[in-house]
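Please read the points below alongside the sequence and the 3D view.

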Amino acid sequence: MTFTGAPARGRGARRSLVALLAAHAISQTGNVVTAFAVPFYVLGRGGSGVEVGLAAFFATAPVVAGGVLGGVVVDRVGHRRAAIAADLASGVTVLAIPVLALTVGLPFWALLALVFAAGLLDTPGQTARRVMLPGLSMRAGARLEQSVGLLDGSERFAKLIGASVAGLLVAVLGPVAALFVNAATFLVSAVLTWVGVAPLRDVPLPGSDAAGSDAAGSGPGGVPRRTSYWADLAEGFRFVVADPLMRLIVGLVLATNLLDAARGSTLLPLYANDRLGGAAALGLLVAVMGGCALIGNIAFGFVAHRVPRRVTFALCFALAGGPSSAAFAFGAPLPVLVALTALSGLAAGAVNPILGTVELERIPEQLRGRVFGLINAGAWAGVPFGALLGGIAGDTIGLPPAFGVVAVLYTLITLSPLAGGTWRQMERAAAPVDRAPAALC
């Protein structure tokens, strides 16, 4: 990461930025473990593909509700406090799953309720960490594209580590034991945020004595805004609806997330269980995807400010999902699956940094919590249904045809920004993100 700020001012901001990225990576590692443990717990109980899809539905549906309702909470209570509270609440909820399974028993309906609650509580924490990123980046003297890439890279790193650990834990100790690890990651993330991430008001801008604010719900001069929860939510909704590029982004990512959920949450576990020998092979594929995406994130960070965003975004997005899905459709051997998954990961490394930077450039600072929550909710609205549809497709038309449908649709949808029009607004803004108000087109 390139730092350009004054050394005395920047050291604290750099430490906070590194702590934020580390906390995000640790929290996301726990989520990867859950994504592994729950499907194999259901399969171990004799569950069907539909039940695996139903469990994935209940794990992802709360992202929509948590995004809509939690974004306003993040803005009102403060980003750092929201991140800590969300991690602690999620950890307690996840811990209840193995505790109940090992004591009084865990019926399927109770599993669904707990994974729903864990997802609902975790989403505001993810939003809060992302909203803190621009302020800490500016104070650390880092380019926003690079910081967004590192945040996304921390998620990819979490997949690399979490998939490897989860695959081994599930294969050797079983899915219940893996969930204890997940609960611990949330606790570690909360402690790291509390100890390592300073409130923005305590981290001045380089070369300035002005202090920032950790309470995004404050108005000019730090005076609390006297608006209602629903008025704040409506304000964020009006911003998303009024911005044509935001509408396109939400629609595109909604469709691709639906397909990703069908593939990753349901079809891949079913395929690994049926044709690749179980959780260890799935762990290898997810780890390769995460590791190569991390490499792609790091490499892209050095050139992100030099390449055209729209064309890079479309081509990399298509490569991130199309070829690897086609390989599963044709029943390719494991080495080929690994190679094409690696290609997908390298290409995926450019997608989220571009999206995250564009969004942060266009969203005013005081609206970021609720707008990010709404964008995430819209983008994730199809995920629960994708996971469920993946299970239904696997049980009806079969795994190879289901992967084939995903490959074709994914490629067509992700290449749509090449048509131009409003998508041209993705190119970088003329002014830095936090030094000029975002412009609505």
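1. Rings of Phe, Tyr and Trp (its six-membered ring) are taken to pair if their centres lie within 6.5 Å, and planes under 30 degrees apart count as stacked, over 60 as edge-to-face and the rest as tilted. By ring pairs of this kind, Phe313, Phe317, Tyr410 and Trp423 are linked into a cluster.

2. This is a predicted model, in which local features need pLDDT of at least 70 and side-chain atom pairs count only at pLDDT 80 or more, while totals for chains, interfaces and linings use all residues. Residues are numbered from 1 along each chain as its sequence is written, and side-chain values use heavy atoms, with hydrogens and water left out.

3. The charged end of arginine 263 sits over the ring of tyrosine 410, 5.4 Å from its centre (the criterion being NZ of Lys or CZ of Arg within 6 Å of the ring centre and within 35 degrees of the ring normal).

4. The structure holds 6 aromatic pairs. One of them, phenylalanine 328 with phenylalanine 403, is stacked, at 4.8 Å centre to centre and 20° between the planes. Phenylalanine 328 lies in helix α10 (residues 309–329) and phenylalanine 403 in helix α15 (residues 399–414), so the pair ties together parts that are 75 residues apart in sequence. Both phenylalanine 328 and phenylalanine 403 are buried (under 20% relative accessible area, with a 1.4 Å probe and protein chains only).

5. Helix α3 (residues 79–102) packs with helix α4 (residues 108–140) at an angle of about 160°, their axes being 8 Å apart; α3 and α4 are therefore roughly antiparallel to each other (angles over 145 degrees count as such).

Technical notes
Axes fitted to C-alpha atoms, helices over the stretch in contact; angles between N-to-C directions. Helix = DSSP H or I, 4+ residues; strand = E, 2+ residues; numbered from the N terminus. Parallel < 35°, antiparallel > 145°, perpendicular 65-115°, else oblique. Buried < 20%, exposed > 50% of the residue type's maximum accessible area, 1.4 Å probe, protein only.
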